[in-house]
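Biologist: I have a model open and want to learn to read it feature by feature. Can you take me through it?

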Amino acid sequence: MDGMLSLDSFYEHRPVNVLERETVRDAIVAEKLVKRYITKKRAGLFRSRTEVVDALKGISFRIRAGEVVGLLGPNGAGKTTTIKILSTLLLPDSGRASVWGYDVVREAQKVRRVIGIMLSVEKGFYGRLTGRENLIYFGSLYGMEAGELKRRVDYLLDLVGLEELGGSDRLYEEYSLGMKARLALARALLRDPPVLLLDEPTLGLDPPSARRIRGLVRELATRDGKAVVYTSHNMFEVELVCDRIILINKGEVVAEGTPEELKSTLPKVRTLELHLERIPEGLIDEIRSYGLEVREPTQAPDGLFVLRVLARRPEEILDDVVRAATSRGVDVARLRIEEPTLEDVFVYFTERGTRDGGSG
Amino acid sequence: MGGLVNLIRAEMMLVYADLFRRKSVIAVYLVWPYITTALVLMMGYAVGSPQAFAERVGVEAPLFVVVGSYLLFSTMAVVDDIMWRPIYDESSGTLPYVVSSPTRTVVHYISIPVPRFLFTLLLGATALLPLLLIYRGLEGVLVGTVVVLLSVVSASAFVPLAMALGLGLYVAGGESWRAIGFLRPLLLMFMGVYYPRWLMSLPLYVISSLLPPAHCVEVVQRIVVGLAEARTVTVSLSIALALTVVYSPGMLRAARAWELKKLREGVKT
């Protein structure tokens, strides 16, 4: 959280006419949400073919106030569809969802008063307005009174660090990606909503900007009790920010729990990591012949090839694997045994696609 | 009402930034009324006889055409703004934030054309008033003021139909510049700007009567020609206002249908 502004003054700058907040235990509830997209694909000069894509196949989950929940999944898993339904930008085909106690279909207008959304880092503002003007524009659209809006905008520009970067009065079209992300977060916080829906808020950002956003999100949940839905493909970040993770694959929730709970649900497999000068022919096949799973080799920045072998007790197969390499004239430059990471959890559940999560 | 005023103020900011922060755009905007006036007159003199026009219609062609054009273009600014906005918001990625705001679509879309319309009105007046002064002297300035006021009535009366037509077309065929291209010539033809409504054939006259601005155009033309009687002016303006009321449910329905369509497809991010 270094470089973070204190949030103490945040409470002094809250809009005065925000919705009276009641204590809602479940800030977000999704029950059996189904969404099917019907698309037309061209099939010849005059013909088109209808394609049906099951984006969500009845997902259910609950998110409490004060909780940051990571919505993870591979591309096309249904994360953005879920976020869009929760932010009233997409109607579900069946099932129901509520945000802060309001139904997203029947009470969409009320839902819109209690959410702050961030759907894309790189666009979503008017290029020829400055950052400050953009916030004033959207604040007006959100029904904020002029005087209050000005104070709030000044405060938020400071909070997200745009003031210190000199971005408040610069045209949006001149912004860097990091500045755009900060402005997007400021917009999401304009009305001080109790629920934040953030779709890949740090995508493509430089480390200082990403850190700033992560820090703010974490503090807003911890100190202000906001419920935050956070999607990302960055497992390091998810582990750092999220209290709980909901893993979606092919429109279904395949796992749910805290990062530690999810890791503990993995079969007791650990990774033996070998750093080799080259991958000799036949090495991978020989290791696989021991009944072990071998990941595709990658190349480390130092030029060495990294071979990962999954095993229940890596200590027991260590000698065999090293011998297989040295017998082919390759020295093992480094080796280590890795504990499961969130990435392993992600790969495990998305490849298997079975619901077998932690408690959550 | 306070909300609508704030929205208009916000839209004003957007239009100001769009026009005044691009020198090329503001230059085009400033010379636009004069270029249009010159072009319309050139075309008129090239293809027709000013004397024949004056004999048949009863007024000098330049005056008739320029006054009508002023009303037409200020009214068209409304249609353009309403139809252009969803396309612009989608391309700039602002549409999800607009749709997910608590402001009702119809209220937002009423606020959208106001600033550009006022700007077009003011700029157009800088070409209109001198011309009226030349042809009619001080009386011309009075006529010009009435024309400006009637343009406000015309544009306001047109908002419900413009929104119903514009958003309705988007519901039927998706957001496209082609829809604007389709509507423009139809409006040009049926509003009676370049051919007086009272000289139109019956079918054209009936269709034209369904457009609220066409009645305002007729009033303006009658004033310019000197055929304005209190009764006809009152009837025409009453019809325009009545049509505004008639089209209002259509506007609400089109706005709702457009939003529903977006929500069914999912607003693009």
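Modeller: Begin with strand pairing. Two strands pair if DSSP finds at least two bridges between them. Helices (H or I, at least four residues) and strands (E, at least two) are DSSP runs, numbered from the N terminus. Before we go on, the ground rules. This is a predicted model, where local features need pLDDT of at least 70, side-chain atom pairs count only at pLDDT 80 or more, and totals for chains, interfaces and linings use all residues. Residues are numbered from 1 along each chain as its sequence is written, while chains are lettered from A and ligands numbered from 1 in the order in which they are written.

Biologist: In what order do the six strands of the open sheet in chain A run?

Modeller: First the general idea. Strands of a sheet pair through backbone hydrogen bonds, either parallel or antiparallel. Here the order is β6-β7-β8-β3-β9-β10 in chain A, and the pairing is mixed. The edges are β6 (115–118) and β10 (252–257) of chain A. Each has a single partner strand, so one side of each lacks a neighbour in the sheet. From one strand to the next, the twist averages 15°.

Biologist: How many bridges join β6(A) to β7 of chain A?

Modeller: Four, and the two strands run parallel; β7(A) covers residues 195–199. Take one pair to look at: Gly116(A) has Leu196(A) of β7(A) as its bridge partner.

Biologist: Which helix packs on the sheet, touching β6 and β7 of chain A?

Modeller: Helix α5 of chain A, residues 177–188. Touching rests on contact: two residues are in contact if their C-beta atoms, placed from the backbone, lie within 7 Å. The direction of α5(A) makes about 165° with that of β6(A). Axes are lines fitted to C-alpha atoms, for helices over the stretch in contact, and angles run from 0 to 180 degrees between N-to-C directions.

Biologist: What is the order of the open sheet of four strands in chain A?

Modeller: β2-β1-β4-β5, with antiparallel pairing. At its edges stand β2 (48–64) and β5 (102–103) of chain A, each with a single partner strand, so each has one side without a neighbour in the sheet. Strand β1(A), residues 26–42, is joined to β2(A) by 14 bridges, and the two run antiparallel. Within this pairing, Ile28(A) is opposite Ile63(A) of β2(A).

Biologist: Now helix pairs. At what angle do α5(A) and α6 of chain A cross?

Modeller: Roughly 15°, with axes that come within 9 Å; α6(A) spans residues 207–224. Angles under 35 degrees count as roughly parallel, over 145 as roughly antiparallel, 65 to 115 as roughly perpendicular and the rest as oblique. α5(A) and α6(A) are therefore roughly parallel. Handedness is a separate reading: a crossing is left-handed if the near helix is turned anticlockwise from the far one by less than a right angle, and right-handed if clockwise. α5(A) passes α6(A) in a left-handed crossing.

Biologist: Which residues of α5(A) and α6(A) meet?

Modeller: Gly178(A), Ala181(A), Arg182(A) and Leu185(A) of α5(A) meet Ser209(A), Arg212(A), Ile213(A) and Leu216(A) of α6(A). To sort them, Ala, Val, Leu, Ile, Met, Phe, Trp, Tyr, Cys and Pro count as nonpolar, Asp, Glu, Lys and Arg as charged, and the others, Gly among them, as polar. This contact has four nonpolar, two polar and two charged residues.

Biologist: How do α3 and α4 of chain A pack?

Modeller: Helix α3 (131–141) and helix α4 (146–159) of chain A pack at about 135°, with axes 10 Å apart. α3(A) and α4(A) are therefore oblique. Their crossing is right-handed. The contact includes Leu135(A) and Ile136(A) of α3(A), and Leu149(A) and Val153(A) of α4(A). Its residues are six nonpolar, three polar and two charged.

Biologist: And in chain B, how do α11 and α12 cross?

Modeller: At roughly 160°, with axes that come within 8 Å; α11(B) is residues 212–225. So α11(B) is roughly antiparallel to α12(B). The crossing is left-handed.

Biologist: How many residues of chain B are in contact with chain A?

Modeller: 27, against 28 residues of chain A. α1 (2–20), α5 (95–99) and α12 (230–265) of chain B each supply at least two residues of the chain B side. The largest share, nine residues, comes from α1(B). By class, the chain B side has twelve nonpolar, eleven polar and four charged residues.
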